[in-house]
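Dear colleague,

I am handing over the structure we spoke about, with the sequence alongside. Please open it first, and then read the notes that follow.

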Amino acid sequence: MGVIQRQGIKHIIVSYLGTVVGALAILFVYPRASEIYGLVQLLISVAGFFSPIVMLGTAFVSVRYFPVFQNDKNGHNGFLGFILLLCFSGFAVYALSFPLYKDWLIRFFFEKQGLESYARYINLVVPLTLLLLLTTLFTLYASNFQRIVVPALFEEFLIKVVLPLLILFYTWQELSVAGVVDGVLITYVVAVGGLLIYIFFLGQLHLKINWKFLKKPLLKEMAEYGGFGILSGMGIKGAFNLDTIMVAGLVDLKNTGIYAIALFMAEALGKPIRSLRNISQPIIAKALNENDTEEIKKIYQRSSIHLLILGLLLFTGIWVCLDDVFSIMPNSDEMRTGKWVIFFLCMAKLVDLGTSVNNEIISYSQFYKFNLVTLIGLAVLNVLFNLWLIPQYQITGAAIATFLSFLIFNASKLIFIRIKFGISPFTAKTPLIFLAALLAYVAAFWIPDTGSHFLNILIKGSLVVAVFSSLVYVLKISPELNKMAVEMWNRIFARK
């Protein structure tokens with residue numbers, strides 16, 4: 001895991017820098033304008049929902065078929081230019097057809113809630129969709145060269161720095177709602193430009209398509225895989241974005257903002273798997289192409305162990321400190337309604353972390369069509385669970401729906417990989433991680449209230465990290481992390 005480990009760690013650092021900035025915004029900024037924050041998250045979620053259709057499956061093709069096109073001397077046969085052409089073709093059709101369902105979107109998200117003044121912002125979903133798909137495409141393309149750190153700065157970090165500033169200026173009455181939304185669009189324009197310049201400096205901006213290379217059998221194979229990618233992408237977006245969208249439509253924008261804040265806290269657990277997936281995708285694709293099951297098993301199990309270590313550490317720390325965190329937030333009573341939202345969303349993330357790269361193993365294998373079945377099933381389950389639970393439990397119902405959907409979704413893939421490949425992400429050390437988390441929680445739970453919320457967070461959080469990390473080291477759950485810890489200790493304390 002040399003390349004995965006180096007780039008993955010750097011990517012995690014960048015992601016968590018963004019998380020720190022985002023956390024400060026969650027604590028002190030977004031609760032001041034939860035309705036406007038909900039509006040921004042709604043627009044991003046709707047644009048994200050449409051993006052896989054517009055991309056025509058290129059999010060999957062850009063990684064799966066790059067090894068086929070790869071040729072440094074020949075500019076990779078213009079692979080980047082080809083997938084961009086497909087994207088722009090899809091976007092042209094999407095932009096022309098948007099007026100057909102625009103009025104329905106306005107009625108569902110704004111008119112039912114009496115928010116007609118926000119209806120005009122639905123038009124911005126079209127350019128936002130284009131910007132989101134380009135950031136995704138350029139980020140995936142860069143991952144083919146094991147470069148995920150700088151793209152993460154543009155794809156994830158930039159918006160997390162800019163959006164809180166925009167919301168702050170709104171609360172200070174220096175910006176209107178339109179100014180906030182326009183600022184979001186400009187931020188994504190900067191991100192796309194930055195990614196394009198980065199690819200140029202990597203020497204990989206090859207746009208001239210080698211049409212002679214695109215033989216009919218290859219185009220047919222790519223079209224079939226791309227078609228699968230469209231449906232899979234719709235399933236993914238339906239599963240991952242639908243909760244926010246349905247809360248906006250079935251409840252209101254203020255609760256959408258609260259739900260989005262809770263989702264951000266839970267997303268902290270999902271950072272490691274995004275980092276690992278970005279860098280491991282081409283490596284898994286290569287191992288599958290070479291039928292190297294042992295390499296796949298090694299990545300599968302090590303990833304699960306490391307992701308669960310990080311995920312359970314973060315969840316334990318969040319849950320122990322959560323009541324104190326709510327107490328220091330503006331509109332704290334309003335924010336407390338999201339407590340169990342955070343719990344169930346974190347449970348969904350932990351299920352995803354424990355099953356690690358099962359999605360990538362199936363996606364880049366000959367059984368890739370099975371992912372389509374599970375994704376459609378996930379989307380359908382999510383819709384049904386949301387329609388059932390949101391009217392009864394509001395935003396907590398949406399979180400429970402997400403957890404139940406993810407549990408069934410990942411269990412089905414886990415069983416499938418076990419049957420087809422004979423491998424599992426779990427080892428005898430997996431239960432030890434949960435034991436370490438439980439003992440760390442118990443240790444922090446009994447800490448008496450100091451009278452200061454900030455001091456409570458510092459003491460309890462530090463104790464969770466100390467107990468959990470010590471147990472992971474003593475129980476030798478991860479030889480790689482133990483080795484890194486020893487090397488770091490020697491580097492800091494070794495005699496000169």
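A crossing of two helices is called right-handed if the near helix is turned clockwise from the far one by less than a right angle, and left-handed if it is turned anticlockwise. Please bear in mind as you read that this is a predicted model.

Helix packing

With that convention, the crossing of α5 and α6 is right-handed. Two packed helices are described by the angle between their axes and the distance between the axes. Helix α5, which covers residues 79-111, packs with helix α6, residues 125-143, at an angle of about 165 degrees, and their axes are 11 Å apart. Because angles over 145 degrees count as roughly antiparallel, α5 is described as roughly antiparallel to α6.

Which residues of α5 and α6 make the contact? On the α5 side they include F79, L80, I83, F88 and F98, while V125, T129, L133, F138 and Y141 are among those that α6 contributes. The residues of this contact divide into 18 nonpolar, one polar and no charged.

Salt bridges

A search of the whole structure finds five salt bridges, and I describe some of them here.

The side chains of K254 and E334 meet in a salt bridge, with an N to O distance of 4.0 Å. This pair links distant parts of the chain, as K254 lies in helix α10 (residues 253-289) and E334 in helix α12 (residues 332-336), 80 residues apart. K254 is partly exposed, with a relative accessible area of 37%, and E334 is also partly exposed, at 24%.

A salt bridge also joins the side chains of E295 and K298, at 3.3 Å from N to O. Both residues belong to helix α11 (residues 293-327), and because they are three residues apart there, about one helical turn separates E295 from K298. E295 is partly exposed, with a relative accessible area of 23%, and K298 is partly exposed, with 31%.

Are K460 and D324 buried or exposed? Because buried means under 20% relative accessible area, K460 counts as buried at 14%, and D324 counts as buried at 7%.

Methods: Residues are numbered from 1 along each chain as its sequence is written. This is a predicted model: local features need pLDDT of at least 70, side-chain atom pairs count only at pLDDT 80 or more; totals for chains, interfaces and linings use all residues. Side-chain values use heavy atoms; hydrogens and water are left out. Helices (H or I, at least four residues) and strands (E, at least two) are DSSP runs, numbered from the N terminus. Buried means under 20% relative accessible area, exposed over 50%, partly exposed in between (1.4 Å probe, protein chains only). Axes are lines fitted to C-alpha atoms, for helices over the stretch in contact, and angles run from 0 to 180 degrees between N-to-C directions. Angles under 35 degrees count as roughly parallel, over 145 as roughly antiparallel, 65 to 115 as roughly perpendicular and the rest as oblique. Contact means heavy atoms within 4.5 Å. Ala, Val, Leu, Ile, Met, Phe, Trp, Tyr, Cys and Pro count as nonpolar, Asp, Glu, Lys and Arg as charged, and the others, Gly among them, as polar.
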